[in-house]
Amino acid sequence: MNKTLVIGASGQIGQLITKALVETSEPVRALVRDKSKLAHLKSDELEVMEADLEGDFSLAFAGVSNVIFVAGSGGATGADKTLLIDLWAAKKAVDYAKDNQVKQFIMLSSIGADNPDSIESDIKPYLVAKYMADKYLMVSGVPYTIVRPGPLTNDEGEGKITVKRPNSREEMAIPRADVAKSILFILTKDNLDGKIFELFNGTYDVDNVLV
């Protein structure tokens, strides 16, 4: 069976993805800085590996077929951590994936990463980092799908999305649960290489939109 590496498995979306994979008995390697954050998940198919994304984490890629990069520096950090995690760690992950001939790399990016100058916001350094990481992945030769959700909420997910960008920022929000569900759906497909999806709360089932 294919093993999936989840980078950033202790984050909010990362935990949702890891939990869902565990519940379906899919082989998963969860990469985290602190194993205790996933102590509540138990499965013979789950391997939790500790590593610092600011260092060498290449060993995590041995024997995996799929990579999901959902790591992030977090909103409470400065531009230095944004650079080191959202850009540099993502770049290293792409390199490691290429070295290990990974079959599928799913990158969690952000709305606005296509053009950071288009949004006047204090998260512009984050968008620039995501822009550069996405571009690096796109030219790497690694099979990829990029997901760019709107502003994330903790609302209960309904599995309903749209990939058509709404007119107002308020309508761009999407529950983290629906982002996780979308990524899990992409993971099951082998025909989405090179696709970039913007994700927003909507009225369509995930499997009818992500094609």
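Guide: A residue is called buried when its relative accessible area is under 20%. The model shown here is a predicted one, and this cut-off applies to helix α4.

Visitor: Which residues of α4 are buried?

Guide: The buried residues are Arg176, Asp178, Val179, Ala180, Ser182, Ile183, Leu184, Phe185, Ile186 and Leu187.

Visitor: Why is α4 described as largely enclosed by the rest of the structure?

Guide: Of the 12 residues in α4, 10 are buried, and the helix is therefore largely enclosed by the rest of the structure.

Visitor: What does α4 give to the largest nonpolar core?

Guide: The largest nonpolar core has 32 residues, among which Ile17, Val70, Ile183 and Leu210 touch the most other members. At least two residues of this core come from each of α1, β2, β5, α4, β10 (195-201) and α5 (206-209). The contribution of α4 is the greatest, at 7 residues.

Visitor: What makes β3 and β11 edge strands?

Guide: The open sheet has 9 strands with mixed pairing, in the order β3-β2-β1-β4-β5-β6-β10-β8-β11. An edge strand pairs on one side only, and this is the case for both β3 (46-50) and β11 (204-205).

Visitor: How do you know that β8 and β11 pair?

Guide: Pairing requires at least two bridges between the strands. Strand β8 (residues 160-162) is joined to β11 by 2 bridges, and the two strands run antiparallel; Ile161 has Tyr204 as its bridge partner in β11. The pair therefore meets the requirement of at least two bridges.

Visitor: What joins β10 to β8 and to β6?

Guide: β8 and β10 are joined by 2 bridges in the antiparallel sense, with Ile161 opposite Asn201 in β10. Between β6 and β10 there are 5 bridges, and these strands run parallel.

Visitor: Why is Ser25 called partly exposed?

Guide: The class runs between the buried cut-off of 20% and the exposed cut-off of 50%. Ser25 has a relative accessibility of 43%, so it counts as partly exposed. The residue lies in the loop between α1 (12-23) and β2 (28-32).

Visitor: Why is Gln101 placed in the exposed class?

Guide: The exposed class begins over 50%. Gln101 has a relative accessible area of 70%, and is therefore exposed. Gln101 belongs to the loop between α2 (79-99) and β5 (104-108).

Visitor: What makes the phi of Ser25 and of Gln101 worth noting?

Guide: Most residues other than glycine have a negative phi. Ser25, however, has a positive phi near 60°, and Gln101 has a positive phi near 55°.

Visitor: How many residues line the second largest pocket, and which lie nearest its centre?

Guide: The lining comprises 21 residues, and those nearest the centre are Asn66, Gln104, Leu187, Thr188 and Lys189. The space in this pocket is about 340 Å³. At least two lining residues come from each of α1, β6 (144-149) and α4 (176-187).

Visitor: What is the division of that lining into nonpolar, polar and charged residues?

Guide: The lining of the second largest pocket has 7 nonpolar, 9 polar and 5 charged residues.

Methods:
Residues are numbered from 1 along each chain as its sequence is written. This is a predicted model: local features need pLDDT of at least 70, side-chain atom pairs count only at pLDDT 80 or more; totals for chains, interfaces and linings use all residues. Side-chain values use heavy atoms; hydrogens and water are left out. Helices (H or I, at least four residues) and strands (E, at least two) are DSSP runs, numbered from the N terminus. Buried means under 20% relative accessible area, exposed over 50%, partly exposed in between (1.4 Å probe, protein chains only). On a 1 Å grid over the protein atoms alone, a cavity is a set of points where a 1.4 Å probe fits but cannot get out, and a pocket is an open set with protein on both sides within 12 Å along at least five of seven lines; lining residues have an atom within 4 Å of a point. Grid points are joined across faces, edges and corners, and a volume is the space filled by probe spheres set on the points. Ala, Val, Leu, Ile, Met, Phe, Trp, Tyr, Cys and Pro count as nonpolar, Asp, Glu, Lys and Arg as charged, and the others, Gly among them, as polar. A nonpolar core is a set of buried Ala, Val, Leu, Ile, Met, Phe, Trp, Tyr and Cys residues joined through side-chain atoms within 4.5 Å.
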